[in-house]
Every structure is written in C-alpha cells, then in structure tokens.
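Subject: Structure handover

Hello,

Here is the structure we discussed, with the sequence alongside. My notes on what was found follow below it.

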Amino acid sequence: MATNPMHQFQVHRIGPEIKIAGFDLSFTNASLFMLLSAFAICGLLFLGTKEKKIIPDKFQLISELIYNFIAKMINDTAGSKAKPYFPFIFSLFMFVLFCNMLGMLPYSFTVTSHIIVTLIMAIFIFIAVTVIGFIKHGFGYLKLFVPSGVPIVLLPLITVIEIISYLSRPVSLSVRLFANMMAGHTMLKVFGGFVISLGMLGGWLPLGFSVALTGLEILVAFLQAYVFAILTCIYLNDALNLHH
Amino acid sequence: MKGSDNFKTRLKIATDKLKKHSNNLNNDENASFMGSAFKLGTELVAAVAVGTIIGFILDNWFDTKPWLMIFFFFLGSAAGILNVIKVAKRMQEKE
C-alpha cells in the first residue's frame, strides 16, 4: 500500500494503448469507474422498474424515492417549465452521486476528484443553459446582465460585474465538487497513514477519526451530488423564467 | 353554536399538528441548508479567480500589464460578493 496520500488519484491505463489523431483515448481506471457507475445506475433502475408492485420491494422503493426527490427539487427551484429537463438533471444527479459513492469503496477510484471531469460537466451545463436562455428569450436574455433600477453612470460597471458573476458559474460548480471530493479522500488517506505509523500504542485515535471521517465523507458525497443538481436547476430557472 | 366553535378550534389544532409533522418530515430542508453552506465559499472565490483571469487575458491582448488585471481583480471581488448576496437572498426566500 502506498503511503503517499495523493497516490489514489493517479490515472493509469488498463489494457492496450489507443491513440486516435494524436489523442490518448486509452481505457483507464477513470473510464472503468465511470462505466461501473453507469452500469450500477442502470441496474438499480432496471430492478426498480421491472415489476410495478403496489407494495414496493426495496429496489422499487429506492427508485421511487429518488424520482420523487428530484422531481420535487426541480419543481421547487425551477418551476413547472423545467419538467422537460427532468431526464437530464436526473441522470446528472445519479451519475455524480454514484461516482462519489463508488469512490467511497476501498481500493476504488473517485472519478469526481479530478477537475477535468467536473469542469467538463459544468461547462456543458453552462453552455446548454446559455443556449436555452437565448432560444427562449432571444436577445432579451441579455437583460440578465442589466439589472433594473441602476443609475446610468454605474450601468457599465454593474454589467461587467454581472458578466463576471455569470462566467464564474461553471468554475464554482466544478471546483466545489472536485475540491470537496479530493480534500476528503486525501484526509482519509492521511489519517489512515497515521494509524500505521503510530502503531498499536497511538493508532487508535486516528483510527477513530478515520471512522468518523468516512461517515462525513458519505454525507459529503451525497450533498455534493445534491448541490450540483440543485445549482443546475437554479441556472435553468434563470434561463427559463427571466426575473430581472 | 358553541359546539361548532369547539369543533373548529379542534380542527385547527389538528391541522396545525399535521402541518408541523409534515414539516418535520421534510428532511431535504436540512440537506439544502448544508448545501447552501457549502455553496457560499466557492461562489466568492470563483468570481475573483474568473475576474483575475479575464484581466490577465485582456492584459496580454492590449499590452497593458498589469493594470487591467488589477482592475478586473477588484471587479471580480465585487462579482464574488454579488454572488454571495444572491445565494443569501435565495436562502432567505426559502425560509
């Protein structure tokens, strides 16, 4: 077992090297865990919707709970206009949740602890929301950057500030998820290392911390998936119902 | 007359109790509070970073190092505080 706490984040190739047009498209452990989470989601929902019982079994109960949870969240934050985007937000939430949760298993790899993964998702959401906003409102969407009731003198300054605030959305969205996952997993490894180096005499305290941190990490894994999904809803809400 | 009043107050007490109970059942309220707490910090930092990066790029375009970067750093800070105010407003609306 490596003692370096950052060793767990290394991406390494599984199987042969594949290069297409100068890009390294080899199958890595990151790809493996993305596939695993996709299969796990499909498996759970397949088992949950296989037979529709009046008294649900566990899988059906879980699927229905998640469905209700997401449907309620979208309705509360983005209103009924956001119903057509339910499949996207549902898949997004499930994917982030399962990547986070699979990362909690020992010896596994946390896909969401890499900023490139979260940044790509965030930029995709950002571009999609912007395009939806322009489709729904035309150039009226630009009113988002011009708040009403501002004196003419301050308007250029405020507009620039609003644009920076808008552009910071994908950054804050991706950095939050990535930083939380990476910090938590590094901390777990550091405390795990303390247990080994302090031995039988002093190792019990960091072991207790490790147990507590594991619980906290599971909470964070869920919360970050939730925050990622709810922020997508909030951005969608801005695009669908222009408030300013 | 007295009997119907009695019934009305009893009904009100019962519905209030039910409402309280369903509010207590609403666990995602708690989750969203913790979610907001996680949100605030990165909102502030991200806007400052984005502002500074925009200033840096514009500096390279117009050859005005380092003035635009400094200017956009302050604009970014303002945007960060604006972000935090927006999130805080949303939290208050929910209550």
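Two residues are in contact here if their C-beta atoms, placed from the backbone, lie within 7 Å. Please keep in mind throughout that this is a predicted model.

By that contact rule, and leaving out residues up to four places away in sequence, Ile89(A) touches Ile70(A), Ile74(A), Ala229(A), Thr232(A) and Cys233(A).

Helix α2 of chain A (residues 58-78) packs against helix α3 of chain A (residues 86-103) at an angle of about 125°, and their axes are 10 Å apart. That angle makes α2(A) oblique to α3(A), and the crossing is right-handed. On the α2(A) side the contact is made by Ile70(A), Ala71(A) and Ile74(A), and on the α3(A) side by Phe86(A), Ile89(A), Phe90(A) and Phe93(A). Sorted by class, the residues of this contact are 7 nonpolar, no polar and no charged.

As background, nonpolar side chains in soluble globular proteins tend to be buried together.

Chain B also has a contact surface with chain A to look at. There, 20 residues of chain B are in contact with 15 residues of chain A. The elements of chain B that give two or more residues to its side are α2 (28-62) and α3 (67-94). Of these, α2(B) gives the largest share, 14 residues. The chain B side divides into 12 nonpolar, 5 polar and 3 charged residues.

One more residue to look at is Phe178(A), placed in helix α5 of chain A (residues 155-202). Is Phe178(A) buried or exposed? Phe178(A) has 21 C-beta neighbours inside 10 Å, so it counts as buried; the cut-off for buried is 20 or more. Not counting residues up to four places away in sequence, Phe178(A) touches Thr112(A), Ser113(A), His114(A), Ile115(A) and Thr118(A). The C-alpha atoms of Phe178(A) and Leu119(A) are separated by 8.7 Å, and the two residues are 59 residues apart along the chain.

Regards

Note on methods:
Residues numbered from 1 in each chain as written. Chains lettered and ligands numbered in written order. Predicted model: local features only at pLDDT ≥ 70, side-chain atom pairs only at ≥ 80, totals over all residues. Helix = DSSP H or I, 4+ residues; strand = E, 2+ residues; numbered from the N terminus. Nonpolar A, V, L, I, M, F, W, Y, C, P; charged D, E, K, R; others polar. Buried ≥ 20, exposed ≤ 12 C-beta atoms within 10 Å, placed from the backbone. Axes fitted to C-alpha atoms, helices over the stretch in contact; angles between N-to-C directions. Parallel < 35°, antiparallel > 145°, perpendicular 65-115°, else oblique. Left-handed = near helix turned anticlockwise from the far one by under 90°.
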